Amino acid sequence: MTGDDQRAGADGHSNDDATDGDGLGTVHLVGSGPGDPELLTMKAARLIDEADVVLHDKLPGPEILEMIPAEKREDVGKRAGGEWTPQEYTNNRLVELAREGKDVVRLKGGDPFVFGRGGEEMEHLADNGIPFEVVPGITSAVAGAGAAGIPVTHRDHVSSVSFVTGHEDPTKDESAVDWDALAATGGTLVVLMGVGKLPLYTAELHEAGMAGDTPVALIERATWPDMRVATGTLDTIVDVRDEADIEPPAITVIGEVAATRDRVKGFLQGGGADAVAEAGADANPTSGGAGGDE
């Protein structure tokens with residue numbers, strides 16, 4: 001990115017009249033992966049270490065957040081009392097810090113551009129003439145399933161995968177998710193941020209013609225030390241969720257590949273596998289706990 005590019009807004013016009021490009025810090029939009037610190041990229045780890053300030057939410061996971069000195073951490077996720085930091089505040093804070101000459105890491109769970117609002121932040125930075133860098137991370141949409149022994153594609157079962165958010169912008173007039181079309185694809189469906197609305201979209205998929213015995217898995221805190229997995233079917237998974245007390249952050253995997261776990265879990269190593277608590281319609285969950293939403 002050239003100096004001219006860095007000072008250009010989204011409309012291509014210079015923002016030199018708003019702020020001098022000299023002395024600006026850089027904002028790094030960094031993906032932390034699903035939560036295991038060993039799944040951080042080398043570049044992400046280096047930038048976190050070198051940053052003046054790290055703006056983060058809860059999704060990077062406790063072990064990763066503990067690696068960052070408290071004096072340079074700013075939590076822009078969930079606040080006391082269940083309130084959330086408004087996205088507008090985060091956007092403006094990134095600009096403010098960069099204009100102070102700070103090098104900033106905006107640390108996100110998974111990948112910045114997979115339901116992580118990285119696109120919104122990137123555009124805001126460009127509009128304000130702030131230089132930025134995107135550092136991709138391992139998305140939990142794939143890694144979370146993989147850590148639980150579930151491949152999102154499998155040539156014996158499916159050749160396509162769809163990623164969907166279960167938590168859309170509440171200001172939208174209507175959902176942008178076409179559940180009828182997703183049910184008709186026949187591929188794997190991975191829903192992020194979908195624990196709370198599980199009854200809604202499983203009912204939509206059922207009404208759209210998806211078979212009730214379609215395998216479903218819920219993976220809570222994938223790759224974290226207290227990772228948990230619950231399995232069932234489209235017909236049973238809501239009851240399974242409630243009995244197992246599955247809470248965010250978690251992903252939902254719907255499709256034939258979700259049944260793969262049962263065939264391999266006895267040999268699965270790593271990814272917090274030793275701490276995984278099995279839960280199903282006929283199983284008694286053994287661990288729980290609150291978690292931040294995605």
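In the predicted model described here, Asp262 and Lys265 are joined by a salt bridge, with their closest N and O atoms 3.7 Å apart, where a salt bridge is a side-chain nitrogen of Lys or Arg within 4 Å of a carboxyl oxygen of Asp or Glu. Asp262 counts as partly exposed because its relative accessibility is 49%, and Lys265, at 37%, counts as partly exposed too; the term buried is kept for residues under 20% relative accessible area, exposed for those over 50%, and partly exposed for those in between (1.4 Å probe, protein chains only). Residues are numbered from 1 along each chain as its sequence is written, and side-chain values use heavy atoms, with hydrogens and water left out. Because this is a predicted model, local features need pLDDT of at least 70 and side-chain atom pairs count only at pLDDT 80 or more, whereas totals for chains, interfaces and linings use all residues.

The secondary structure comprises 10 helices and 11 strands, taken as DSSP runs numbered from the N terminus (helices H or I, at least four residues; strands E, at least two). Of the 294 residues in the protein, 48% are buried. When contacts (heavy atoms within 4.5 Å) are taken between residues at least 6 apart in sequence, 72% of them join residues at least 24 apart.

The whole structure holds 13 salt bridges. One of them is formed by the side chains of Glu74 and Arg93, at 2.7 Å from N to O, and this pair links distant parts of the chain, since Glu74 belongs to strand β3 (residues 73-75) and Arg93 to helix α4 (residues 87-99), 19 residues apart. Glu74, with 21% relative accessibility, counts as partly exposed, while Arg93, with 16%, counts as buried. Another salt bridge brings Glu121 and Arg106 together, their closest N and O atoms lying 3.2 Å apart; here helix α5 (residues 118-127) supplies Glu121 and strand β4 (residues 104-108) supplies Arg106, 15 residues apart. Both Glu121 and Arg106 are buried.

Helices α4 and α5 also pack against each other, at an angle of about 45 degrees and with their axes 10 Å apart; the axes are lines fitted to C-alpha atoms, for helices over the stretch in contact, and angles run from 0 to 180 degrees between N-to-C directions. Residues of α4 that include Gln87, Thr90 and Leu94 meet residues of α5, among them Glu121, His124 and Leu125.

In helix α2 (residues 42-50), the residues Ala44, Leu47 and Ile48 are buried. Viewed down the axis of α2, its buried residues fall within an arc of 100 degrees, and they therefore line one face of the helix, the arc being that of the directions from the helix axis to the C-beta atoms. The buried residues of α2 pack against β1 (27-31), β2 (53-56), β4 and β5 (132-135), whereas Met42 and Asp49, on the other side of α2, are exposed.

The peptide bond from Pro248 to Pro249 is cis, with omega near -5 degrees, and Pro249 is found in the loop between α9 (237-244) and β10 (250-254). Arg117, although not a glycine, has a positive phi of about 65 degrees and lies in the loop between β4 and α5. Arg221, in the loop between β8 (215-220) and β9 (228-233), likewise has a positive phi, near 55 degrees, and counts as buried at 8% relative accessibility.
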